[in-house]
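Me: I would like to go through a structure with you. Could you show it first?

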Amino acid sequence: MAVEPHTVEHTARTLMDHLPVLQVLIPFCTGPIIVFLGSRRLAWPLAFVASALSLIVSLMLLWQVKDGGYIAYTLGGWEPPLGIEYRIDAANAFVLMLISLIGTITLPYALISVADEIKRRDHTLFYACWMLCFTGLLGMVATADAFNVFVFLEISSLSTYVLVAMGADRDRRALTAAYDYLIMGTIGATFFVIGLGMIYMATGTLNMADIADRLADQGANRTVRSGFAFVIVGMGLKIAMFPLHLWLPKAYVFAPSAVTVFLAATATKAAIYVMLRFTFSVYRPEFTYATNTLEMIFLPLAVIAMFSASFVAAFQTNFKRMLAYSSVAQIGYILLGVAILNETGLTAGIVHLFNHGITKALMFMGVGAFVLRAGGSFYAQIAGLGRQMPLTGAALVIGGLSLIGVPGTAGFISKWYLVQAAFERAPDNPMYLAIAVSVVLSSLLAVVYVWRAFEAMYLMAPATDIRAKEAPLLMLVPMWVLAIACIWFGIDTDLIAGAAAQAAAGLFEGSQGMLEMKGAVH
Amino acid sequence: MMIEAIPTAFIFFAAAALILILPKGLARNIVMLGTPILSAVLVWNTGLGNFAQIPFFGFELEFMRLDKLSRIFVLIFCLAAFLGNLFAWHLRDSLQQVAALAYAGSAIGAAQAGDMITLFFYWEGTAIASVFLIWARGTAGAYATGMRYLIIQIASGVILIAGVAVFFAETGTITFDKMELASLGTWLIFISFGMKCAFPLLHNWLQDSYPAATITGTVILSAFTTKLAVYALARGFAGTEILIYIGTVMTLFPIFFAEIENDLRRVLAYSLNNQLGFMVVGVGIGTEMALNGTASHAFAHILYKALLFMSVGAVMFRTGTSKASELGGLYRTMPLTAVFCLIGAASISAFPLFSGFVTKSLTLTAVAEEHKLIIWLCLVFASAGVLSHSGIKIPFFTFFAHDSGMRPKEAPRHMLWAMGITAFLCIAIGVYPDPLYALLPYDLDYHPYTMDHVVAQLQLLFFALLAFAVIFRAGLHPPEIRAVNMDSDVIYRKFTPSVMRYLAFVVAALFRGVTGMINRSAARLVHRLHHSHGPDGSRAASWPAGAMVMSIAALLGLALLVIFFS
């Protein structure tokens, strides 16, 4: 569905036309409202309603663009490139859906987990921060304005630092984790904005489509090239691309459980989306330097991440930390899919973005339930808990299988696409055969680290005589929704793989060009 | 989507789920026994064809391909499941019951798979379901063994799917049919099959795990995994010459180990390996006669091997041990079990009128028809070895030999029934092989009971018997009796001729050297990885912020370098 040029005189728009901005606006307004009301009882319901509304909006958006085309929305009716434009196509509608889905599913889970881990007086602010983080992530995905991406990136980052630091009620080390993340995240964002500055210097515009047009016209010069390097490396840090992942394990381990669930499934994913947008729609894979960066830097680093982080995960003694390192490895798979640079590979990356999101959210939820009952996530502490909390344990088993990529689970689908993508390129470059093999081999490492967790959960003798109770229903339901999703999307591949293929195709087409506002009267 | 008949595996899985909601006891046992019978009847009535195709990812998965090759395996798997479950009638353990059904179902599903993705699903299914039969024993040793077993079985599955993926890239098809062993994909698939089939040097899991399982678990285990691999080889790699040599080595080397082994269940595991060798040779020859030999041998072998495992298992059930040095003289109180064991022994040794005779001779004839003299001689030698370690050693040291003083009760009635039915089938096939021959993949006009054939076989058997008798007589001198107090292993070795011991020593040292080297280098690698990637290693440590900033600066530099120079 291509954009309808506004040929009519009147400019009244229906609610449907405002969906792109509502996506961001709903949580954006809810955050301050929570603070102003200052009511501990109202904070959670408000946040939840806002998330649920966002989810509905994102599904409606995805529905409109899932077969191609895009929706353009000009903020306040100001014409781009001066005004800010939101542009929704299959790629970002997909990521918006993932973020609001995880946000909505995680909130019910957070209610009990947050009450357990964070002081009562901070609850209102916690949910306000949560909403801001949510807003930031949605915003940086929805917008088509490069500087706007930076603004939303900072909104999400700053609130994330606070959310991570709130883990300090349980473990003071959350403060240093948040501090490290702040330093690193700020450097990453700075790199990103420096890159934007260079692009602006060369092209004189900040609208992504506009930049793309001008880059195509003027060809490559040093400024534009360095801009690409800064943008990519800055985002690489937010993505936790190996070796810029060092902030991630600490932040995930010491953040409150619910925050870990939310961040693991969304924050890095939104950053990956921004990287994709810049690599494919602003810059183009046709530019040799962009291709070379992907093939000579991203590809080897992704493969190293798959192994190195998996080995670290395999030797961990803390479930949460193991999952954090496994995330670094899984991000390696996503980046590998992107760096293979064909449509199947990009589809694999986007599918894995979703599948890993739900899988990792499920796993972290399970660990959070263990933390609630056992007070920690070391294997020694959760020994035997799988038997004492059978429903939590079973959900974790499903998540673990999906993490490995066992057929019949979501994780298998992405790896299947990934291996296929590598094979597609194998005929002209035998190196890709080795890459396909390395995907399979590193999955074996996933078997090892997931197995170690299963062993602790089921086969080790419990540390104490006290029998742990099953997790509360409010935590179990989100877990099982995700667990069923892990299996569902492992069998029914039409929805996710279809949308991802559309997104990949859209990205490969490059920029859709500037929005033409013929006859619009403002 | 086209489903004309329910794939047999689904019936088993449904039954496994049903077991969980039924009360322990009779109701469950009825399901345990009814499922294989019902399945076999359904398979028989369905006829031949391709009955269940389900689209998946743009592939057509074929869940139920019944042709003459797969049908005989499906039927014997059903039969084996029935007999194994009957033998385990006394069990009240949900885990083992579910595992047994799921395991049998997976094996049957794999035999019915018409494409290699379905094959992979079931391939992994057999691995995961069967390991619980080992873990069910509950000892620390069984746990470690189960882990080793699982790792190898899963690895086999992973190699299989990798091979299938490469094969698909090479040929664009995933149909499971005859392949040429010429490309990377087919080699991977071949190695995966070989791991399950316990090829030499890939065989250790077998002798490691089967004796470690529960009494009833071993009976179940012995039937499926390896024969599934034989089926897969016969389907995919019939006529691949290298299999002839692999199979020949397989028939030979376990003999030496079986001779010196004291644990009778492990002896049987070695002998299982040796029997697989015959089947692999048959696949390698690949003529119609040879493939018939393989299929019929697998059929008969499942029965007599189960019978032997059952009889040793029954003894273990009553006495608590399966060590040759601790047993002996049990025929006084367990006469029926002893008779059944002898029938199994006679079958595996291929005495005329027993099942082994009419099936093994097909393979031998096929080898002879191809004029492979050395292979033929090796197989004949291996046959003599089978007689020695399985035919004589098992019954002799369990039920006869020196009196251990134990007076256990006769085996429980359901075990006797299970053994009785199996023993009956062993004899029935031996006496009247025509129905079995009719089931075989290819039409066959073969008469096992010719004069020269019977005489040759009897000569072989009687001379082997004679040799054993002489050695035993010569060895049974006072020093051995005094040695009763010594380590059981040592006593047992004194019974065997020193030549055998010497050979075993050399072969064992060779294998131990190779496997030891692999183990040691693996241990060293893990140690080194732990040093760098372990919780205290540099890769997992928390770095100071400054170092992290360094890494981002370095990466930026690298990116700029690449971008400017391209």
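Me: Which residues touch the most other members of the largest nonpolar core?
Reply: In this predicted model, they are A:Phe94, A:Val164, B:Phe77, B:Val230, B:Leu233, B:Val280 and B:Leu307, and the core has 416 residues. A nonpolar core is a set of buried Ala, Val, Leu, Ile, Met, Phe, Trp, Tyr and Cys residues joined through C-beta atoms within 7 Å. Buried means that 20 or more other C-beta atoms lie within 10 Å of a residue's own, with C-beta atoms placed from the backbone.

Me: Which helix gives the largest share of this core?
Reply: Helix α12 (residues 288–319) of chain B does, with 20 residues; helices are DSSP runs of H or I with at least four residues.

Me: And where does the core lie relative to domain 1 and domain 2 of chain B?
Reply: It lies between them, because domain 1 (1–224) and domain 2 (238–524) both give residues to it. The bounds come from an automatic or database domain assignment.

Me: What is B:Leu233 in contact with, leaving aside neighbours within four places in sequence?
Reply: Its partners are B:Phe193, B:Cys197, B:Leu243, B:Val280 and B:Val283. Contact means that the C-beta atoms, placed from the backbone, lie within 7 Å.

Me: New topic: how many residues of chain A are in contact with chain B?
Reply: 39 residues of chain A are in contact with 30 residues of chain B. On the chain A side, α11(A) supplies the largest share, ten residues.

Me: How are the residues numbered, and which cut-offs apply?
Reply: Residues are numbered from 1 along each chain as its sequence is written, and chains are lettered from A in the order in which they are written. Local features need pLDDT of at least 70, side-chain atom pairs count only at pLDDT 80 or more, and totals for chains, interfaces and linings use all residues.

Conventions. Contact = placed C-beta atoms within 7 Å. Helix = DSSP H or I, 4+ residues; strand = E, 2+ residues; numbered from the N terminus. Buried ≥ 20, exposed ≤ 12 C-beta atoms within 10 Å, placed from the backbone.
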